[in-house]
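Subject: Structure handover

Hello,

Here is the structure I said I would pass on. My notes on it follow below the entry.

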Amino acid sequence: MNNETPKPTISKPIRPDDICPRPDKPVAHTTQPMAPAIYPTSVWMCNDTQQADQLLAGDLEGYVYQRVGHPNADAFAEKVAALHVAERVAVTSSGMAAMSLAVLSQLAPGDHVVVSNQLYGQSLLLLTQELTRLGISSTQVDTGDRDATRAAMTSATRLLVVETIGNPRLHVADITSLAKIAHERQAKLLVDNTFATPVLCRPLELGADLVLESVSKMMNGHSDVMLGALCGRACDWERVPLVMSAWGLASSPFDAWLAVRGLATMHLRVERACETAQRAAEFLMHSPAVEQVDYPGLPDHPQYDLAATQFGGRFGSMVTFRLSGGRKAADAFIAASDRIPFCPSLGEATTTLSHPESTSHRGLSPSQREALGISGGTIRLSIGLESSDFVLAALAEKLAGI
Ligand SMILES: Cc1ncc(COP(=O)(O)O)c(C=O)c1O
């Protein structure tokens with residue numbers, strides 16, 4: 001028997017600078033976490049040269065570098081693919097990055113695009129001004145006019161670009177007809193579905209070739225994410241991974257992680273906002289200070305029947321209206337109470353308002369704005385998740401302040 005007291009083993013002190021940078025050991029899960037993990041890592045370790053070679057050649061599935069792909073983007077993409085019934089989804093750093101990805105992967109110098117004249121301002125700028133620098137020409141057209149759209153298409157047209165619900169007058173695109181017009185000329189239809197979300201509309205099922213979502217809006221819905229998604233078919237995806245990586249359009253893991261969380265409540269948020277939007281539109285119609293209300297759910301909206309079938313009986317969370325008192329009335333309306341913040345975006349949990357003349361459409365000339373039916377008195381509401389009583393009371397308070 002050894003009665004000696006054991007001596008403490010004195011391990012060689014390890015310098016903090018040698019400990020801290022070492023990669024963590026992988027977590028061994030006996031049970032699975034209910035909430036998904038975030039992988040903020042910019043780079044992944046390779047086992048050997050052969051594996052690195054296979055990964056980088058795309059012969060082996062796996063991650064190497066965040067700009068090329070990461071698990072949080074893939075987790076989000078999988079859900080979006082299911083929602084849009086899409087064969088492929090690319091998750092990008094913003095909605096505009098998704099638009100860049102679409103044009104850079106599908107177009108080449110000498111090509112021509114036909115674009116709706118009611119696209120989001122930055123999309124119009126990208127498609128009609130930036131693309132000319134790459135040798136790609138464009139024609140703007142009222143895509144609600146089928147003959148004019150057909151006439152704008154040429155043998156060089158590769159893309160027809162529209163929004164499911166246009167900004168700010170909330171015109172509804174007839175996606176089935178527009179897909180036919182594009183396909184007659186062997187062009188593709190790209191639909192920006194941001195105002196509709198996949199809850200209201202799945203353009204791929206209606207014949208569109210590519211669908212874009214600004215996830216920064218209603219899909220995430222909490223004003224804390226900048227993200228985009230491009231959805232399409234495998235046959236149109238050949239150049240997508242290369243363009244994503246080489247032009248640096250990829251998403252951040254944290255934003256993709258937050259967006260997965262936002263997506264879990266999207267259907268509830270959209271349904272709620274649509275119900276309140278319908279009530280708000282009907283309420284505004286009866287105000288003497290309001291001369292025009294645009295909402296696809298009002299029977300006098302020019303595409304009411306189309307919206308009713310295309311969106312399955314819901315009409316969206318955006319309401320646009322025109323105050324008869326012009327810019328002065330709009331300024332008074334905005335200043336009247338802070339219960340509906342002036343916030344030039346959309347799809348937030350909070351009901352917000354925007355003033356197209358001074359924000360989204362400020363780059364247009366007065367006559368261009370007038371042609372689109374935008375005046376100094378035009379206000380665009382993005383309905384949030386408050387009770388409809390709250391929203392109606394807030395609108396009444398603001399109208400009283402004019
Ligand atoms: C309809 C529409 N499409 C695309 C975008 C661009 O999205 P993001 O701001 O995520 O780049 C916006 C932004 O306001 C938008 O309203």
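The domain bounds used here come from an automatic or database domain assignment. On that basis the protein splits into domain 1, residues 70-263, and domain 2, residues 266-400. Please keep in mind that this is a predicted model.

Domains

The C-alpha centres of domain 1 and domain 2 are 24 Å apart. To the contact between them, domain 1 gives 25 residues and domain 2 gives 31 residues. On the domain 1 side, two helices each supply at least two residues: H8 (197-200) and H10 (253-263). Of these, H8 has the largest share, with three residues. Sorted by class, the side of domain 1 that touches domain 2 holds 13 nonpolar, nine polar and three charged residues.

Helix H8 also contains threonine 197. Threonine 197 is not a glycine, yet its phi is positive, at about 65 degrees.

Ligand

There are 15 residues around the ligand, and those that come nearest are Ser94, Gly95, Met96, Ser214 and Ser216. By class, this shell consists of four nonpolar, nine polar and two charged residues.

Helix packing

Two packed helices are described by the angle between their axes and the distance between the axes.

Helix H3 covers residues 71-84, and its axis lies 8 Å from that of H10, at an angle of about 30 degrees. Angles under 35 degrees count as roughly parallel, so H3 and H10 are roughly parallel to each other. Their crossing is left-handed. From H3, the residues that take part are Asn72, Ala73, Ala75, Phe76 and Lys79, and they meet Pro253, Ala256, Trp257, Ala259, Val260 and Leu263 of H10. This contact of H3 with H10 comprises nine nonpolar residues, one polar and one charged.

The crossing of H4 and H5 is right-handed. Met96, Met99 and Ser100 of H4 make the contact with Gln122, Ser123 and Leu126 of H5. By class, the contact of H4 with H5 has three nonpolar and three polar residues, and no charged ones.

Helix H11 runs over residues 266-285 and helix H15 over residues 388-400; they pack at an angle of about 30 degrees, with 9 Å between their axes. H11 and H15 are therefore roughly parallel to each other, and their crossing is right-handed. H11 brings Glu275, Thr276, Arg279, Ala280, Phe283 and Leu284, which meet Ser388, Val391, Leu392 and Leu395 in H15. The residues of the contact of H11 with H15 are six nonpolar, two polar and two charged.

Backbone

What kind of peptide bond joins asparagine 167 and proline 168? The bond between asparagine 167 and proline 168 is cis, with omega at about 0 degrees. Where is proline 168 found? Proline 168 sits in the loop between strand E4 (157-163) and helix H7 (175-184).

Regards

Methods:
Residues are numbered from 1 along each chain as its sequence is written. This is a predicted model: local features need pLDDT of at least 70, side-chain atom pairs count only at pLDDT 80 or more; totals for chains, interfaces and linings use all residues. Two residues are in contact if their C-beta atoms, placed from the backbone, lie within 7 Å. Helices (H or I, at least four residues) and strands (E, at least two) are DSSP runs, numbered from the N terminus. Ala, Val, Leu, Ile, Met, Phe, Trp, Tyr, Cys and Pro count as nonpolar, Asp, Glu, Lys and Arg as charged, and the others, Gly among them, as polar. A residue is near a molecule or strand if its C-beta atom, placed from the backbone, lies within 6 Å of it. Axes are lines fitted to C-alpha atoms, for helices over the stretch in contact, and angles run from 0 to 180 degrees between N-to-C directions. Angles under 35 degrees count as roughly parallel, over 145 as roughly antiparallel, 65 to 115 as roughly perpendicular and the rest as oblique. A crossing is left-handed if the near helix is turned anticlockwise from the far one by less than a right angle, and right-handed if clockwise.
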